[in-house]
Amino acid sequence: FKTEDRRMKIRDKILIQKYYLNAFNGIFLALGLMLLIFGLWLLYDRNNLFSVLFSSGENQLVPYISCMLLGIGSVIIFTSAVGYLGSVKEIKCLLVTYMSFQILVFVTQMAISALVFVKKEEVHDQWNNRIDEVISEYGNESLAEQEPVWNILNAVQHNMECCGRYNVTQWERNKNKENSTQIPCSCTKSNLKKWFCDVPRDSTYTMGCEEYLNTWFDNNVLILTAIAIGLLITQVFLVTLTGQLFRTIRKNNIWPNE
């Protein structure tokens, strides 16, 4: 009877550990899906500012980041499936594989997080330089392929009631106007469907869009950072719980059925 009681206690312990492991594995899977969706959004959404700015010409920053997010997200989904199957079926080799993947993903995430932290300011400077470049090219008839970028810039200026990155005077550098006094129609309350308008300077939006653009950039970086931190914390629990479940299953196998 003592053997049977001990075996029952071990089985109860296994059920509790499986419950917590699968709960945290579900959180891990959800965060992985968020990374996957974020990567797909960057790669295929032609209406988000970051993708439009950094997907054109020689700049391949968005495809690079998208592939990285898609890769990590896919590995997380696969790892979650291995962990779920290993815990439900109590397959020890799958649990070991699951822990190995967790450690691998953890180390990879730490390296990527460190890289993002180091490169954040560099990317932010590229972001501002690219916006300035778009403002200089705006309305150039020989660069018709850049119209989607200009349309998004127009939408930002019109909706946020701002003009240029830092202020309206930035448009004086644009050489594609018919005369130096013109500014983009989106810098005014005008709904005219053309690039530049002749309007008095006092009827234009004077505030620059930099604050809005920086907030948009920082919010997206913050979301990715929060997901990364959530993944790292979840993985610490997952590795611990998987190790405990593995030991309990092995202990259970020592006590054969009577």
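This report describes the fold, the annotated spans and the charged pairs of a predicted model.

## Overall make-up

The chain holds 6 helices and 2 strands, and read from the N terminus these elements follow the order α-α-α-α-α-β-β-α. Of its 258 residues, 42% are buried, while the chain as a whole exposes about 14500 Å², with carbon and sulfur atoms supplying 63% of that area. Among contacts with a separation of 6 or more, 72% are between residues 24 or more positions apart.

## Spans annotated as transmembrane

An unreviewed UniProt entry places the feature "transmembrane region" at residues 20-43, 63-86, 93-118 and 221-241. In the model, residues 93-118 are 100% helix and 0% strand, and the C-alpha atoms at the ends of this span lie 38 Å apart. Residues 221-241 are likewise 100% helix and 0% strand, with 30 Å between the end C-alpha atoms.

Leaving aside residues up to four places away in sequence, Gln 235 touches Phe 28, Gln 102, Val 105, Phe 106 and Gln 109.

Ile 27 belongs to helix H1 and, at 42% relative accessibility, counts as partly exposed. Although Ile 27 and Gly 230 are 203 residues apart along the chain, their C-alpha atoms are separated by 8.9 Å. Ile 16 is also found in helix H1, which spans residues 2-44, and together with Tyr 19 and Tyr 20 it forms a nonpolar patch on the surface, with about 370 Å² of accessible area between the three residues.

## Helix H5

Helix H5 consists of 14 residues, 147-160, and at 1.5 Å a residue it should span 20 Å, which agrees with the 20 Å found between its end C-alpha atoms. The buried residues of H5 are Val 149, Trp 150, Ile 152, Leu 153, Asn 154, Val 156 and Gln 157. Just after this helix, Glu 161 takes a positive phi of about 55°.

## Salt bridges

Side chains of opposite charge can pair when their charged atoms come close. A search of the whole structure finds 3 salt bridges. In one of them, the side chains of Lys 18 and Glu 90 meet with an N to O distance of 3.2 Å. Lys 18 lies in helix H1 and Glu 90 in the loop between helix H3 (61-89) and helix H4 (92-137), so this pair ties together parts that are 72 residues apart in sequence. Lys 18 counts as buried, at 13% relative accessibility.

Another salt bridge joins the side chains of Arg 165 and Asp 132, at 2.7 Å from N to O. Since Arg 165 lies in the loop between H5 and strand S1 (183-184) and Asp 132 in helix H4, the pair ties together parts that are 33 residues apart in sequence. Both Arg 165 and Asp 132 are buried. Arg 165 also forms a salt bridge with Glu 210, where the closest N and O atoms are 2.6 Å apart. This pair links distant parts of the chain, with Arg 165 in the loop between H5 and S1 and Glu 210 in helix H6, 45 residues apart. Glu 210, at 25% relative accessibility, counts as partly exposed. Through salt bridges that share partners, Asp 132, Arg 165 and Glu 210 are joined into one network.

Technical notes:
Residues numbered from 1 in each chain as written. Predicted model: local features only at pLDDT ≥ 70, side-chain atom pairs only at ≥ 80, totals over all residues. Heavy atoms only, no water. Helix = DSSP H or I, 4+ residues; strand = E, 2+ residues; numbered from the N terminus. Expected span 1.5 Å × (residues − 1). Buried < 20%, exposed > 50% of the residue type's maximum accessible area, 1.4 Å probe, protein only. UniProt positions renumbered as here; feature names shortened; annotations may be inferred. Contact = heavy atoms within 4.5 Å. Patch = residues over 30% accessible without salt bridge, like charges linked within 9 Å, V, L, I, M, F, W, Y side chains within 5 Å. Areas by Shrake-Rupley, 256 points an atom, 1.4 Å probe, with all protein chains shown as cover. Salt bridge = Lys/Arg side-chain N within 4 Å of Asp/Glu carboxyl O.
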